[in-house]
Amino acid sequence: HASEVYNAVRVFISCYVWMTGFGNFSFFYIKRDFGFVRFWQMMWRLNFLVFWLIMVHGNTFILYYINPLHTFYFLLVFVAMYIFSSCNHDKWPVRVKMIVLGTLIFIIWDVPGAFHAVFGWLSPKPTIGAKSGTFHEWHFRSGLDHYSAIFGMAFAMNYPMSAAWLKAVEKRTAVSQWLIKGGIAAVCAVLMLAWTQSIFSMQKLEYNKHHPYWFWIPLLVYIFIRNISFTLRSYHLGLLTRMGKITLETYLMQHHIWLTSNAKTLLVFIPGSPLVNFFFVSVVYLYLSYRLFRLTVALRAMLIPNDAGVARTLLLVMLTTLSTIYGFAQLLTKVESNVILVLLSTLVIGIAGCFVLESIINAESVEHIKTPYLGVTGLLGGVTLVVAISSWLAEFTTAWGSKDQNNGGVAGSVSMGLIALAVFSTIVLSLDNFVGLSRLSSIPALGYPSWEEAYSELHNKIFSK
């Protein structure tokens, strides 16, 4: 609730989502792995911990909005790269795909009525983490960053061109290269000053309306300055690298450890000494976040191995088991069972689970648990899923038919959306991550690198594997 840092936090979150687009585009471009295992390993990484937080605390997915945000944009990148994947390494076809994707983003979020047509099935009812309903909250959260991921994808796509340009510039004399870099830096400084004075200085609610369309200015300025010299590129902070690995866990744990009661109250171990308490809680918070990260990665390696056949079997076992347990828990809730029955049921299920796990470990295989275990849990889990889906469809029909869906108060600007789309298209079609500035700066000096020069070495490595 600290309004003085709110706008800065919005920029940081956009950079985070930008990295989702950049990182996943880079992976699918280089590895070309659209298989079952890779997909579910990513789903596990993004949602394993939040799933258990939802189950244990009775919270909603939208409360932990970073998870649905990253999951959605991972799926966006996955689908975009999977469709016509054979043309991902061609110069212009992949860029046509990016322009089409950018246009779809513009239509869904910035053309009035389109967002409701796509996401109108989300509930308008107030819930935990969404006082104005899930539809409103999703529009607000996704709208703030609806261009962030695709800007990251464009940057990843053009990365070899930017690297080749920078390499060519730094082969010139010191005076020549710094004249080129200085010219771009001067334009960046003007853009940054204009953004700071006209956008960043706005009050929270007004800033939210403009942020989705102008976030790219501080982001690209930072990237250019960060990479302006070989010396700067040669150093990084190891602490930030290690912290970056656990950002998902630190985000989730801020709701329950750094803060408590879904980030509404403070956790106090040492009353009367707020700074000492802050230090102690922060140490506990970071340590547990790291341990949860290691646990998530270790369990993923165990339960979604690289063998696709084993991974499918284990996934089916997990789904049927969880569905059965969930259905049993709902039954206990409906009949208002007493504590003794709940504890007894938990004990029985726990013992059965231990026997199944022990048999898997001893046999070093999952084949023998397909039957009758999967038959029983599959039947019980299937019944649970049918009931759950029927309930969801009833709410789905009510939600989509609702006439009072209100948006999240962000996005929905056709004029600014067209500007953001124009900037994105310029980056994509000019093959220049700095919106044509590096290409323009090269005209009188050295010429811009050709696509073949920039990508040939990378493509040789990709296709030689």
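This is a predicted model: local features need pLDDT of at least 70, side-chain atom pairs count only at pLDDT 80 or more; totals for chains, interfaces and linings use all residues.
Reader: Among contacts between residues at least 6 apart in sequence, what percentage joins residues at least 24 apart?

Author: A contact here requires heavy atoms within 4.5 Å. Of the contacts in the protein chain between residues at least 6 apart in sequence, the share joining residues at least 24 apart is 76%.

Reader: Are helices α8 and α10 roughly parallel or antiparallel to each other?

Author: Helix α8 spans residues 174–200 and helix α10 residues 216–226; their axes come within 10 Å and cross at roughly 150°. Angles over 145 degrees count as roughly antiparallel. The two helices, α8 and α10, are therefore roughly antiparallel.

Reader: Which residues of α10 meet α8, and how many nonpolar residues does the contact have?

Author: From α8, the residues involved are Lys181, Ile184, Ala185, Cys188, Leu191, Met192 and Trp195. They meet Ile217, Pro218, Val221, Phe224 and Ile225 of α10. By class, the contact has one charged residue, no polar residues and, as the number asked for, eleven nonpolar residues.

Reader: Against which helices do the buried residues of α9 pack?

Author: Helix α9 covers residues 204–214, and its buried residues are Tyr207, Asn208, His210, His211, Pro212, Tyr213 and Trp214. These buried residues pack against α1 (3–31), α4 (93–110), α6 (134–144), α8, α10 and α18 (414–430).

Notes:
Residues are numbered from 1 along each chain as its sequence is written. Side-chain values use heavy atoms; hydrogens and water are left out. Axes are lines fitted to C-alpha atoms, for helices over the stretch in contact, and angles run from 0 to 180 degrees between N-to-C directions. Helices (H or I, at least four residues) and strands (E, at least two) are DSSP runs, numbered from the N terminus. Angles under 35 degrees count as roughly parallel, over 145 as roughly antiparallel, 65 to 115 as roughly perpendicular and the rest as oblique. Ala, Val, Leu, Ile, Met, Phe, Trp, Tyr, Cys and Pro count as nonpolar, Asp, Glu, Lys and Arg as charged, and the others, Gly among them, as polar. Buried means under 20% relative accessible area, exposed over 50%, partly exposed in between (1.4 Å probe, protein chains only).
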